[in-house]
Amino acid sequence: MAKVLVIDDSGFQRRWITRTLTALGHETIEAVNGLEGLRVAGAERPDCITVDLNMPEMDGIAFLGNLKSGETPIPVIVITANIQDDTRKLCTELGAAAFLNKPFKPTELEQALSACLPAEDGGKP
Amino acid sequence: MPAGGRWRKAVIVDDARKEFIAELLNIGVGRAGSVVSELVGARVVLEVPDIEICRSQDVLPTLTALRGDDIIAVSQGFTGVLGGDAALVINGFSGNLIVHRLLQQIGDDGDPATMRDEAITEIGNIVVNSLVGAWSKVFCDPFDFGLPVFRRGTLEDCLAPFLGTGGDQGRKTYAVSGSAHFSVNDFFIMGTLIVFFDEKSIETLMGAAAEQR
């Protein structure tokens, strides 16, 4: 089981993601934008983070940039409505481990998590 | 000169250009249908959308299917080679139906009434991103998006910021709308996608349409 930080300004979307993660046996914590996400990530040290891109205060791109400059890398899965190839490429360059488009399928999130997490947390052995 | 007068002289919306613009919107409507289908977990029968192109201030009378006091609009600004605002507009009944199905689909036992606004905002966000994002492939240029804005009330209330009146007069000058009729199981859902283009964008769009001929 992993601790996953879910960052999204949409309460509905956070609920959707956390329900999916909980059903997969993971623990979740939440943040409503990138700024809060950085604070929670620093305090809680999650095993993985899911982040939306288009958010107030600090968007997902800025969040990735700030997180990348941090000391300990945490795998980040971007979950966004933005379908543009350029955006996907930018996120990858900023260190995103996976990029999912909304609406995502639970199996897509499961596979992305599996690729990010160590085996003891549900990742691929 | 009346608002919109300059483009009236500069921009000619002939059938070929209208066809190109209609196809751009068709791409989005098709994606919207696909997204709604995925969200509600049901086959969506999508009819060919009715495309209208008119001045922003003249768009309300063309939206004949959106009547009553319970209209919902989720709009999102976008910038790039084209700039403007795109909106998903549905009636309250359709909104309730989609959210009810969506909550069933994700196994959420939350109250649909309290979750409706947030859920529809997110659906609008996904649909608008699908629409405009698809254009980035057509124009080979990326778009940036503002935050989605939820409005509820009469159609006029919902679209007031884009109708080319008041302080916005002359800035948003052109509306391209496509009304898509979805059938989800036995239920009928009507959604309309409207894109309000600024003057420079509509000229860019017309130029691109001319190149296609």
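Predicted model: local features only at pLDDT ≥ 70, side-chain atom pairs only at ≥ 80, totals over all residues.

Biologist: Take Val132(B). What does it touch, leaving out residues up to four places away in sequence?

Modeller: Val132(B) touches Phe78(B), Ala86(B), Phe143(B) and Phe145(B).

Biologist: Switching topic: what's the strand order in the open sheet of chain A?

Modeller: The order is β2-β1-β3-β4-β5, 5 strands with parallel pairing. At the edges sit β2 (27-31) and β5 (98-101), each pairing on one side only. Neighbouring strands are turned by 20° against each other on average, ignoring direction.

Biologist: And β3(A), how many bridges does it share with β1(A)?

Modeller: β1 (residues 3-7) and β3 of chain A pair in the parallel sense over 4 bridges. In that pairing, Val4(A) has Cys48(A) in β3(A) as its bridge partner. On to β4 (residues 76-80) of chain A: 3 bridges join it to β3(A), and the two run parallel. Ile49(A) stands opposite Val76(A) in β4(A).

Biologist: Which way do the β3(A) residues point, and are they buried or exposed?

Modeller: Cys48(A) and Thr50(A) point one way, Ile49(A) and Val51(A) the other, and all of them are buried. Side chains in a regular strand alternate between the two faces of the sheet.

Biologist: Which helix lies across β1, β3, β4 and β5 of chain A?

Modeller: That's α5 (residues 106-116) of chain A, running at about 160° to β4(A).

Biologist: Last one, Thr20(A). Why is it classed as buried?

Modeller: Because its relative accessible area is 9%, and the cut-off for buried is under 20%. Thr20(A) lies in helix α1 (residues 11-23) of chain A.

Biologist: What does Thr20(A) touch, again skipping residues up to four places away in sequence?

Modeller: Phe104(A), Pro106(A) and Leu109(A). Besides those, a polar atom of the Thr20(A) side chain lies 2.9 Å from the backbone oxygen of Trp16(A).

Notes: Residues numbered from 1 in each chain as written. Chains lettered and ligands numbered in written order. Heavy atoms only, no water. Buried < 20%, exposed > 50% of the residue type's maximum accessible area, 1.4 Å probe, protein only. Pairing = 2+ DSSP bridges. Contact = heavy atoms within 4.5 Å. Polar contact = N/O pair within 3.5 Å; in protein donor to acceptor, adjacent residues only side chain to side chain. Axes fitted to C-alpha atoms, helices over the stretch in contact; angles between N-to-C directions.
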